[in-house]
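This briefing is for a reader meeting the structure for the first time. It covers confidence, helix packing and aromatic pairs.

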Amino acid sequence: MANAKITDLAFELLHLIMLLVPHKTPKSYSYTTSRLTVKDKGYHLREDYSQLRNLAPLRTTCRAFDAAIQPILFSELTLDCLYTRLDIVDHQLSCFEARDTSVGGPWNHYTRKLRIVNLDPWYDRKPSRSGVQHWEEDLSREQHERAEEMKVMVLERLLAALRNGLPKLESLRWFVRLGDPVEELVAHFSQLPSLRSLELFFWNDKVFSDFPLDAFSNLTKLELFFLNDKVRVKIDNPWVDNTRTLFQRLQKVIEASPSLESLRLGKRFRNDRSELGYWPMFPSDLLLSPSAARNLRHLALRGFDLVGNHAIPTSFYPTLFSHLTPLTSVDFMASGCETEPAIWRALLDSNVLLTSIRTDYVNDNLISYISQPKIPLESLTLHLERFTFDDELGWEGNMVLARRIYVEVLEVHRGRLRCLNIQASRQSFWWIECLNPSQSQAAPAPLAPPVELDGSEELEPFEPRDTPVLLEETSLFRCQQLRSLGVVIDLRRALTVQGLSLIPGAIEKRVTAFLKPLLTQMPWLDTVTIHSPERLAYGTFSDEAQERTRAAIQDFIVTEKDRVDGHFDVIFEESRYELRRGAECANDESENPALQLRFVDINAESDEEVWEEEEDEEEVDEEDREAFNVQAMDELPNLF
């Protein structure tokens with residue numbers, strides 16, 4: 001064993017080791033609902049290739065490392081034909097075109113997913129309020145020449161290169177733009193025998209009217225998402241007519257894909273309303289017949305409505321869900337306040353048994369549905385950033401909904417719930433107060449100060465509609481199968497009366513009161529996300545409160561006898577804290593250092609990393625569009 005080397009390990013083990021190469025938690029988005037679109041829809045942001053930049057230099061170490069890394073690096077490729085990337089795209093296409101009949105390139109063997117971010121040299125691929133279009137008149141003569149050269153390259157070389165270099169594609173994510181060779185690419189991709197996943201993002205509302213969607217078949221995953229080039233694009237008769245034509249083709253795709261398991265439909269802007277009062281509508285004639293949707297397990301709708309239009313029959317949703325009894329997972333986001341209650345009323349009366357639910361609107365029909373013992377609920381995610389409350393119920397009724405989730409629903413599903421994530425930074429009656437008030441529990445509101453105050457300071461009681469949920473009054477600790485938890489901790493009682501400063505030790509007490517029972521009483525729980533409340537220190541979660549929370553997490557200590565399984569992560573803001581033992585606690589004298597566990601920020605940056613990041617931000621935005629820098633591309637000619 002003295003002469004053993006890491007390269008002596010089996011290929012499978014080396015491959016697993018390379019998968020563990022760390023990379024930073026991305027900073028291009030937060031956990032808010034509005035920005036989740038950016039992450040979920042796969043824009044090519046910096047974090048997508050941060051791990052690849054760490055892995056790339058290891059290819060030059062030895063043949064064993066190179067063989068273990070290639071399946072990772074080439075599992076997914078991105079095509080971005082913005083004019084600034086002329087050399088990179090030329091290199092990509094040249095690699096595809098250079099055919100070695102005996103071996104072939106690594107993409108021939110390992111690439112299963114292709115992401116076409118942009119085929120138009122005038123467009124930027126990154127999302128923005130204005131759509132980020134590079135106008136021809138704004139370009140210099142040299143830039144204009146490069147754009148024209150890129151356009152010719154795409155038209156003349158792209159299709160042949162794809163046919164030659166990527167024969168085993170299983171998944172395609174395509175941002176369809178004006179000017180794309182749609183018919184040629186669809187004819188190619190639809191004939192790939194291994195293609196099973198298709199995700200289409202229509203960048204402009206004009207590009208999908210004649211899109212030959214019905215050329216595809218035998219899919220297991222299908223997603224259509226409608227973006228646009230402007231902040232406000234009117235939803236008018238032409239849009240509705242075009243989508244109806246496209247959805248008629250969609251029906252054919254579903255019927256030709258008997259193994260279809262996931263269907264996702266969404267629009268970026270739902271609230272762009274024309275004077276005629278049209279909303280993005282889910283076509284009433286797309287009823288997904290039982291024979292066509294017999295294997296459909298996941299349905300996602302974002303920004304689509306039906307109710308409110310008198311032409312839509314009230315029986316639509318009941319009929320639809322009567323055809324979708326195999327459903328086990330739904331994702332309903334950014335729909336109207338009339339649509340979601342109608343959906344959940346239809347589900348309540350259906351035979352659909354869901355195991356996973358993600359939504360951003362809470363109503364009595366939803367609570368009634370998931371409160372049924374027959375529902376095998378394993379995952380519940382509520383993104384309540386845009387949701388204030390159900391107007392029909394009022395504040396008191398909405399508080400009851402929150403408490404029914406934390407008590408009734410958790411109690412019903414205590415033996416099977418695996419994931420609970422409630423993100424409600426604005427609605428305090430969804431927040432968790434971790435310390436028991438000192439006054440009698442006979443009066444649930446207002447709450448007395450849960451921490452001892454210095455001097456003569458006294459805190460005013462909560463307004464009834466601002467009263468949080470007490471941690472000890474929830475059924476959370478009865479959910480012994482829980483693996484992942486995300487909630488907002490109420491920190492308002494950590495402020496002084498004027499709200500201008502923090503009470504010493506108040507945040508620390510709450511973080512400890514929250515984490516300790518989770519670590520000691522819930523053996524399967526391994527990930528906890530602490531969401532930030534919005535209303536703190538006059539409307540913002542102050543920097544000082546954030547720093548105090550981070551310090552409280554890192555200062556928290558638990559012993560091994562209280563937590564047998566040491567695997568446990570806490571996520572707060574953009575940091576992930578991992579529970580570690582031994583050396584991290586070596587300076588503590590109160591306990592045996594070998595028996596202590598403490599949280600360590602695994603995303604903490606060194607001074608050198610911070611300096612490098614600041615330098616990167618000062619560079620021209622062109623650098624951010626490169627999957628790898630020029631130096632890496634020169635050193636590794638097969639890598640892009």
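Helix axes here are lines fitted to C-alpha atoms over the stretch in contact, and the angles run from 0 to 180 degrees between N-to-C directions. On that basis, helix 7 (residues 141–165) and helix 8 (residues 182–189) pack with axes 11 Å apart, at an angle of about 10°. Angles under 35 degrees count as roughly parallel, and helix 7 and helix 8 are therefore roughly parallel to each other. The model is a predicted one.

**Confidence**

- The average pLDDT of the chain is 75, and 67% of the residues reach at least 70.
- In residues 124–134 the pLDDT falls below 50, and the model gives this stretch 38 contacts beyond near neighbours in sequence.
- Residues 229–236 also have pLDDT under 50, with 27 contacts beyond four places in sequence.
- Where pLDDT is low, the predicted coordinates should not be read in detail.

**Helix 7 and its partners**

- On the helix 7 side, Leu 158, Leu 159, Leu 162 and Arg 163 meet Glu 184, Leu 185, His 188 and Phe 189 of helix 8.
- That contact of helix 7 with helix 8 divides into five nonpolar, one polar and two charged residues.
- Helix 5 (residues 86–97) also packs with helix 7, at an angle of about 25° and with the axes 9 Å apart.
- Helix 5 and helix 7 are therefore roughly parallel to each other, and their crossing is left-handed.
- Helix 5 contributes residues including Leu 86, Val 89, Leu 93 and Phe 96 to this contact, while those from helix 7 include Arg 146, Met 150, Met 153 and Leu 158.
- By class, the contact of helix 5 with helix 7 has eight nonpolar, three polar and six charged residues.

**Helix 14 and helix 15**

- The axes of helix 14 (residues 506–521) and helix 15 (residues 543–555) cross at roughly 45° and come within 9 Å.
- That angle makes helix 14 oblique to helix 15.
- The crossing of helix 14 and helix 15 is right-handed.
- Ile 507, Glu 508 and Val 511 of helix 14 make the contact with Ala 545, Arg 548, Thr 549, Ala 552 and Ile 553 of helix 15.
- Five nonpolar, one polar and two charged residues make up this contact of helix 14 with helix 15.

**Aromatic pairs**

- The count of aromatic pairs comes to 17.
- One of them joins Trp 174 and Phe 211 edge-to-face, at 5.8 Å centre to centre and 65° between the planes.
- This pair links distant parts of the chain, 37 residues apart: Trp 174 lies in strand 3 (residues 171–176), and Phe 211 in the loop between strand 4 (197–202) and strand 5 (221–226).

How values were computed
Residues numbered from 1 in each chain as written. Predicted model: local features only at pLDDT ≥ 70, side-chain atom pairs only at ≥ 80, totals over all residues. Heavy atoms only, no water. pLDDT = per-residue confidence, 0-100. Contact = heavy atoms within 4.5 Å. Helix = DSSP H or I, 4+ residues; strand = E, 2+ residues; numbered from the N terminus. Parallel < 35°, antiparallel > 145°, perpendicular 65-115°, else oblique. Left-handed = near helix turned anticlockwise from the far one by under 90°. Nonpolar A, V, L, I, M, F, W, Y, C, P; charged D, E, K, R; others polar. Phe/Tyr/Trp six-rings, centres within 6.5 Å; stacked < 30°, edge-to-face > 60°.
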